Amino acid sequence: MRATIARRLLYAVFTFFGITVATFALIHSVPGDPVSFYTGAAGMNVPRAALDALRREHHLDEPLPVQYLYWVRGVTTLDFGRSIRDRQPVAGTIAAKLPRTLLLNGVAFAIAAMIGIPIGLWSGRRPGRLLDRGSAVIFFLLYSLPTFWVALLLMHFFAVRLEWLPLFGITSSYHDELSTGARLLDRVRHMILPVLTLAYAQLAIFARFSRAAVFEVIRQDFITTARAKGAGEGVVLWHHAFRNALLPLITLLGLTVPYLLSGGVIVEEIFQWDGIGRLYFESIRTRDYPTTMALTVVTAVATLLASLLADVLYAFADPRIRLAGGSA
Amino acid sequence: MDPVSRWIVAPAVVLLLTLIACDRGEQVATPEESVDESSPRSGGILYRRLDVDISTLNPVLFTSRYDLMVAGYLFTPMIHLDADLRPVPGLADSWEIEDEGRLYRFKLNAKATWSDGRPVRAADVLFTLRKIADPQSEAMQLGAGFELLDLTRTRAVDDKTVEIGFREGLASQLIQFNYLLPIPEHVYGAGQFKTAFDGGRVVGNGPYTLVRRIAGKEVVVQKKKDWWGPKLPYLDTVWFKTLSSDSTAWNAAKIGEIDETMVPSDTWLREQNNPALKSRLQFLRFYGLAYNYIGWNARNPLFHDKRIRRALGMCLDTRSIITNLYGGTARAMAGHFLPEQWAYNPSTPVLEFDTSAAKQTFTSLGWLDTNGDGVIDKDGRPFQFEMTITAGSTQALAVAQSFQASLKQVGVQMDIATLEGATAIQRILAGNYQAVYLSWDLDPDPDPYPLFHSSQFPPRGSNFVYYSNPAADQLMERGRRELDVEKRRGIYQQLHLILADDQPYTWVIQPSLKWVINERVHGVKISRGWGLYIWYPAQFDWWVSAPPGGERAQTSAAAAAATDSR
């Protein structure tokens, strides 16, 4: 068990550095650099000296491997440098925006999982029944609706027509004068529409995934055996079927974590939820290397941790893995 | 267009500081006509939109028009530009230009003070200029406008008089002083200059002071009741909300969350006659100093000959694009200068859509379809090229496809290459393209030297179409040194004809800008070239009618502003 985790950790470290090299190489091979963004195609003779100063400050005048080393040295001390666009320390910007994205996506995923998984498990139990077919149709319909369209529809109906919910943002402009309870309510009200937009499509994923897992298990011999030995339906489901259906769900949750972090650019943009998704997009567009690189590292680390966690959970959930780990 | 595509379509927008214009000649309902004539009311809050969050409050380091828009409330520029974009006094009461445009002497307003009560001194102007000239400041925008600054001849004559020297005398220099918003040396003289404005403390000399700035959300400024300037603005508080999504901004304008926003053409065309909205929103449309064009890389043998460029231009069905794509809200163009500019020559002909004349030109130059494949060829090479458009704009794609279709009729094969913005810029500046669809935002000074003079090929300037005509060169050289506006107009009117004849670009359209403004906002006037704001007085003449009792945001925001400004 411990050896399994240790080995995984070692892999993770290698993978991490692989990712940093790959990201660094990728972003630097894209044409255009932060300085070209400043000068653009505009008819402005931006003074050479100022451009050179900017390049020097961000080590853009060094050869690529040296730039990489500068950057890695910073990363190991959690110094991601300053943004080229707004001159603010990147770590601070990410620290401010990351919780917002995590909160939004976390709530959306939790809701999607809480609704989707039980429905999936239930419909997988008796494939072909009305609940199974009905939920399949509804979930696929939801899944196929484009996010931006649903977002605008929700916005139009609830924020413009009815004026029940705020149109955009994370808090109201008068947030600061509210009492603590009212502030909380204000935040919740701002979250409803973006969460709905994020959650509806995820429903289908969770439901279909868990349905498939149960469907797989329910047809296996040991279930027949369990039924044959006279176990009640509840025992068969809870004790035998669902437990075994857990494994693919752990995988799914592991895969979900990167999405929690990277966020939905579209939802964040439409609802002006000032989180990581928009920052990422904007930093790539403006070739703000320090920000893009830092975000990639954060996402990569989180993904690695999540897959590590999934592996550990596997070990707990699946005796076979536990055994194999122990003997390794 | 969403903000992303707007930046990508016009990379220059981000940098070239240019604002929005109008056309008084058209039947656009100017708001002064539509508002009630009750007298202006002092007080109230105006909610403005920031399409892009500001990157700094430091007016030396501004990079976008939004940075400058906010800074314009907190600081006063050396000179203002009036509704016709002509210089009028700002921080400087008066000025003299000597030594053929190489020396400017400004007399500062004697009453001008900083928000901490200290007087504005000539030394502050010097300090600001030194910061601009210092490469370590990375003052990209201002650095470009003051590239010719000669610090050795720049000095404070007395406490309120400053002399500023330049290595060359250019007629366009005066307007650059509109971007020069001096900052106080006693506040920003020490410490880290690049981050000095980030702490939230801003000492300026504008009619407003900063209440707060929350990155990504809002900037709030409040009127300084004892401001030194000639006329106190009406609005008590101006509340900028960062709102980058156009569709969300449109919804926000509808429910009164913001009082003004630019809207995309399709929204504007669809909604302008919506009776439910007409009572709540003023729909404005006007022309700015911006246009879209196709640039031909003249280093490519295909486009070296102006007859070919003209023939290609004749295959662009501008009228159809204006009618079908812009619902009639754009103009066909006669060359580089725009009707809003004094340099415009009204007798310049528009290159008309005429595929048969184009076909004749190609035939007369030996381009014939000898192998019957539908594409004309010469010396065994087919007439085939690639036009680059920037990703994210459906309109650019539609224009390109319309062009592609008419070119096909005359046997020219055009392929469309869609590139992401920064990538496109890099390729274009490297000369690694054949034709490109782009747009310009122009400066209020009409000097086209960086765009068309033969000394301005990249990387020195922006003549990336490699246009070179000695006659045009000579006019541009004379034009930028001529300080007499009437003489200068004559020079540029000649140049206008030459450029239109040579067609280094195919000028496509001048799109109009569409805005909605809440009906409670009054006194909105439109300048000739810069539209709604940044000229003087513009936004400082706006006022809002009293709220009809208990607008929640209105009252609570006022309370917030009051508590924060203690």
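Helices (H or I, at least four residues) and strands (E, at least two) are DSSP runs, numbered from the N terminus. The structure is a predicted model: local features need pLDDT of at least 70, side-chain atom pairs count only at pLDDT 80 or more, and totals for chains, interfaces and linings use all residues. Residues are numbered from 1 along each chain as its sequence is written, chains are lettered from A and ligands numbered from 1 in the order in which they are written, and side-chain values use heavy atoms, with hydrogens and water left out.

**View 1. Chain A has 14 helices and 0 strands.**
Read from the N terminus, its elements run α-α-α-α-α-α-α-α-α-α-α-α-α-α. Along the principal axes, the C-alpha atoms of chain A fill a box of roughly 85 × 60 × 40 Å.

**View 2. Chain B meets chain A through 63 residues of chain B and 47 residues of chain A.**
Contact means heavy atoms within 4.5 Å. The size of an interface is often given as the accessible area lost when the parts come together. Here the buried area is about 4600 Å²; the term stands for the accessible area (1.4 Å probe) that two parts lose on being put together, summed over both. Carbon and sulfur atoms give 58% of that area.

**View 3. A salt bridge links the side chains of B:Lys194 and A:Glu57.**
The N to O distance is 2.7 Å. A salt bridge is a side-chain nitrogen of Lys or Arg within 4 Å of a carboxyl oxygen of Asp or Glu. The count between chain B and chain A is 2 salt bridges. Polar contacts join 13 residue pairs across the interface, both residues at pLDDT 80 or more. A polar contact is a pair of N or O atoms within 3.5 Å; within protein, one must be able to donate a hydrogen and the other to accept it, and residues adjacent in sequence count only if both atoms are side-chain atoms. Among the elements of chain B that each supply at least two residues of the side touching chain A are helix 1 (3–9), helix 9 (246–254), strand 10 (237–242) and helix 20 (552–564). That side of chain B divides into 29 nonpolar, 20 polar and 14 charged residues. Ala, Val, Leu, Ile, Met, Phe, Trp, Tyr, Cys and Pro count as nonpolar, Asp, Glu, Lys and Arg as charged, and the others, Gly among them, as polar.

**View 4. In chain B, an open sheet of 4 strands has the order 1-10-9-8, with mixed pairing.**
Strand 1 (45–50) and strand 8 (208–214) of chain B are at the edges, each with a single partner strand, so one side of each has no neighbour in the sheet. The twist averages 20° from one strand to the next. Two strands pair if DSSP finds at least two bridges between them. Strand 8 and strand 9 (residues 218–223) of chain B run antiparallel, joined by 6 bridges. B:Arg212 has B:Val220 in strand 9 as its bridge partner. Helix 4 (residues 65–74) of chain B lies across strand 1, strand 8, strand 9 and strand 10, at about 155° to strand 1. Axes are lines fitted to C-alpha atoms, for helices over the stretch in contact, and angles run from 0 to 180 degrees between N-to-C directions.

**View 5. An antiparallel open sheet of chain B has its 4 strands in the order 4-5-7-6.**
Strand 4 (92–98) and strand 6 (149–158) of chain B form the edges; each has a single partner strand, so one side of each lacks a neighbour in the sheet. The twist averages 15° from one strand to the next. Strand 6 and strand 7 (residues 161–166) of chain B run antiparallel and share 5 bridges. B:Ala156 has B:Val162 in strand 7 as its bridge partner. Helix 5 (residues 122–133) of chain B lies across strand 5 (103–108), strand 6 and strand 7, at about 170° to strand 6.

**View 6. Cis peptide bonds join B:Pro458 to B:Pro459 and B:Tyr536 to B:Pro537.**
Most residues other than glycine have a negative phi, and most peptide bonds are trans. Omega is about 5° at the bond between B:Pro458 and B:Pro459. B:Pro459 sits in the loop between helix 17 and helix 18 (470–481) of chain B. For B:Tyr536 and B:Pro537, omega is also about 5°. B:Pro537 is in the loop between strand 21 (521–522) and strand 22 (543–544) of chain B.

**View 7. A:Gln272 has a positive phi of about 50°, although it is not a glycine.**
A:Gln272 lies in the loop between helix 11 (265–270) and helix 12 (276–285) of chain A.
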